[in-house]
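Subject: The structure for you to look at

Hi there,

Here is the structure I promised you. Have a look around first, then read on.

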Amino acid sequence: MDVLLKVLSWFVTNILTKPEFFIGIIVFVGYMLLKKPIYDSFAGFLKATVGFMILSVGAGGLVTTFRPILAALKVKFEIDAAVIDPYFGLAAVNSALKGIGQSASNTMIALCIGFAVNITLIIFRKVTKVRSLFITGHVMLQQATTVTWIMFSVFPELRNTTGTVLVGLLVGLYWGAGSNLTVEPTQRLTNNSGFAIGHQQMFSIWVADKIAAKVGNPNKRVADIKLPKALSIFHDNVVATGTLMLFFFGAILLFLGPDLMSDPKLVELTGDKAVAGVLFDKKVWYGTYILSTSLKFSVYLAILMMGVRMFVTELTQAFQGISSRLLPGSLPAVDCAASYNFAHPNAILFGFATGLVAQLTMITLLVVFKSPILIITGFVPVFFDNATLAVYADKRGGVKAAVIVTAICGVLQVLGGAAAVGLFQLAGGWHGNIDFATAWPFFGFIMKNIGYVGIALVAIILIVIPQLQYARAKDKEAYFRAEGNN
């Protein structure tokens with residue numbers, strides 16, 4: 001058992017949770033299965049790996065730059081509340097697991113079981129109706145860890161191998177069913193480019209796609225907005241992003257002040273040593289710091305988009321080899337940022353801005369009504385969830401749909417996050433992303449109230465979802481070709 005655990009630990013640590021290498025290996029294998037020369041396969045490996053690493057630099061920079069601002073707001077208002085962010089949530093869950101004597105080995109085993117379940121669902125796709133393989137490794141780790149705590153907190157008697165296996169089963173079914181829900185919306189968005197989304201808002205992408213088609217007008221999209229000549233500069237993504245971030249974060253940083261933004265305590269509060277490099281250095285003028293910090297968001301977003309273009313191109317071509325030889329009829333389910341390359345850049349800003357306003361409004365209401373559980377917004381959910389949903393909503397229902405969908409998302413992120421913190425008895429943070437503010441608190445509520453039957457019911461729900469998708473498909477053959485027209 002120890003040997004098996006070491007092997008699993010090595011695989012998880014060095015491959016599965018290192019998405020850049022995992023995706024690079026998939027591209028290499030895919031090209032070899034397509035019988036491309038070894039040098040082309042190696043080039044594809046490098047492009048995909050470097051592309052994802054560039055994406056990670058962009059995404060990581062966005063998060064790291066925002067964390068000290070978040071911590072400073074917490075200090076300024078002396079609020080002891082839960083941060084809805086997967087990184088803060090992961091720290092809270094790991095602390096809670098450590099508190100009950102559990103180790104990371106449970107999560108590693110559950111993650112591997114879940115990945116095996118997802119592969120099995122695809123192998124038997126004619127029965128399961130699942131077509132997508134979740135390969136976003138770092139997200140898999142976050143989700144497997146969070147669901148491990150949900151299981152162990154609801155069922156103390158299952159803090160053992162049985163509980164770990166059940167976690168693996170549930171997350172594997174979620175990865176298969178959730179990413180499968182994103183297939184048609186993503187093919188519509190990308191003109192059948194051949195990938196799905198495997199991230200934190202899979203159920204919500206499907207819901208957003210349906211709502212947008214009913215409430216909006218696809219002929220009035222973000223790209224069609226006609227601005228006055230003086231404002232036409234905002235059609236440029238860098239200008240629009242830089243201006244929005246400068247006004248928004250500039251105002252916050254001005255309010256927080258140089259003394260607080262230079263406090264080393266912010267590094268300790270965030271638990272991220274990289275934050276030290278983001279803090280204000282009193283040797284320079286504070287106005288310069290505000291300008292450079294605000295514009296970093298625009299820089300990192302541009303970096304992220306560059307990485308997306310590199311790795312998505314290689315992965316979608318190479319996965320044809322995987323699909324034709326190893327997992328017929330399957331699609332890779334990748335990071336939600338992959339969708340940004342197929343949308344007007346300002347749709348991303350629309351989503352972020354609207355979702356943030358909705359979140360802050362709900363947090364204010366929690367304070368006004370003296371909620372026993374207070375929430376602090378986190379950058380990952382407020383940006384990536386809402387930007388992603390805005391991209392899909394804009395495609396199906398234009399600007400109006402993008403605003404409505406992301407406003408609803410912002411409200412649910414706060415309310416669902418508060419409910420989850422209370423339900424699962426966590427301190428300091430919760431996962432925060434929209435699927436974990438809606439679907440998983442609901443699943444946890446079911447399990448907590450009807451016991452073991454609830455575990456079976458959640459599994460049945462996840463198994464039935466792809467069946468309902470297939471039953472509703474107008475063209476059953478097109479369903480397995482993963483086209484976006486049904």
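Predicted model: local features only at pLDDT ≥ 70, side-chain atom pairs only at ≥ 80, totals over all residues.

Residues are numbered from 1 along each chain as its sequence is written, and side-chain values use heavy atoms, with hydrogens and water left out.

**The core**

A nonpolar core here is a set of buried Ala, Val, Leu, Ile, Met, Phe, Trp, Tyr and Cys residues joined through side-chain atoms within 4.5 Å. Buried means under 20% relative accessible area, exposed means over 50%, and partly exposed lies in between (1.4 Å probe, protein chains only). The largest such core has 143 residues, and Met261, Leu304, Tyr340 and Phe384 touch the most other members. Its top contributor is helix H16 (residues 379-424), with 21 residues; helices (H or I, at least four residues) and strands (E, at least two) are DSSP runs numbered from the N terminus. A second, separate core has five residues, including Val183 and Ala482.

Which residues does Tyr340 contact, leaving aside neighbours within four places in sequence? They are Leu304, Met305, Ile348, Phe383, Phe384, Ala387, Thr388 and Val391, where contact means heavy atoms within 4.5 Å.

**Salt bridges**

A salt bridge is a side-chain nitrogen of Lys or Arg within 4 Å of a carboxyl oxygen of Asp or Glu. The whole structure has six of them. In one, Arg131 pairs with Glu184 at 2.7 Å, N to O. These two sit 53 residues apart, Arg131 in the loop between helix H6 (125-128) and strand S2 (132-134) and Glu184 in helix H9 (residues 183-190). Both Arg131 and Glu184 are buried.

Is Asp209 buried or exposed? Asp209 is buried because its relative accessible area is 1%, whereas Arg396, at 26%, counts as partly exposed. Through shared partners, Arg188, Asp209 and Arg396 form one network.

Happy exploring!
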